[in-house]
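Visitor: Could you take one part of this structure and walk me through it closely? I'd like to see how it sits among its neighbours.

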Amino acid sequence: MNFDFTGQVAIITGGSDGIGRATAELLAASGAHVAICARGPEKLEATRAAIAEAGGSVEAHQLDVSDAETFAALVAEIAERNGRLDMMVNNAMSVHYAPIEQLTNEHWQKDFAVNAEAVFTGTKAALKVMKPARSGSIVNISSTTAIRAAPYMSSYSASKAAMIQFTAVAAMEAATSNVRVNAIVPGQVQTAANEAYASKAPDLASKTVDAIPMKRGGEPKELAASIAFLLSDASSYITGVALPVDGGKAAQLYLPS
């Protein structure tokens, strides 16, 4: 599917790598002005430079999304300076891998701060711009671990599940203002985070891929295309959904023995 986002403005958190970078590249190639945000300055600048070199319109901001005041102010500033905000992708994530009895309160709180509270902050800030304009689309990036149990990922799973329910509530509140809020539910995707998980539990990671009906992990560009669909007018009558993009994993009732 070809997308046309000419003249539109998008903010993407976690936009320097993996799904976020692939989404930024696709939106920029489709005519959008993209504002990418991430914590690491090196990857952030590399992504900004790559998008600009490809002819895309892009700006980059070093940001820790768990700093709610700074995050909200940045969303407002980007929208005001560009005269609009059409798309918001809450993609930044935090994950800690540990058995529950070894997981610290700090790890639990950090995952919730990034995966749930920052999504609230970003959505709230975007809605303040989009609802008066009566236009906009927000996509939050969850995980199949929110709907299927994954050992050693309790804080990540719980925070991503909270994101899905928040997305549904936000969609109901925004619907009469012609603003849509949806979630993507990725399965195993070839990103740095999944590689870190695989390195900690290689046998489990291998079994996870084997259990996917399509027998492979997804590519970031495949997730980006699904995100772009939910951002675009092609999904103009879709809101409040949590769309699995996972090679059939969420639909599977029984795992292979």
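Guide: Start at M87, which stands opposite S137 in β5. This is a predicted model, where local features need pLDDT of at least 70, side-chain atom pairs count only at pLDDT 80 or more, and totals for chains, interfaces and linings use all residues. Residues are numbered from 1 along each chain as its sequence is written, and side-chain values use heavy atoms, with hydrogens and water left out.

Strand β4 (residues 87-90) pairs with β5 in the parallel sense over 4 bridges; strands here are DSSP runs of E, at least two residues, and helices are runs of H or I, at least four, numbered from the N terminus. Two strands count as paired if DSSP finds at least two bridges between them.

On to β5 itself: 6 of the 6 residues of this strand (136-141) are buried, so it's largely enclosed by the rest of the structure. Buried means under 20% relative accessible area, with a 1.4 Å probe and protein chains only. G136, I138 and N140 point one way, while S137, V139 and I141 point the other. In a regular strand, side chains alternate between the two faces of the sheet.

β5 also pairs with strand β6 (residues 179-186), in the parallel sense over 6 bridges, and I141 stands opposite I184 there. To get from β5 to β6, the chain goes through helix α5 (residues 154-174), a right-handed β-α-β crossover: with the strands pointing away from the viewer, the path from the first strand over the helix to the second runs clockwise.

Zoom out, and you've got an open sheet of 7 strands, ordered β3-β2-β1-β4-β5-β6-β7, with parallel pairing.

Key: Buried means under 20% relative accessible area, exposed over 50%, partly exposed in between (1.4 Å probe, protein chains only).
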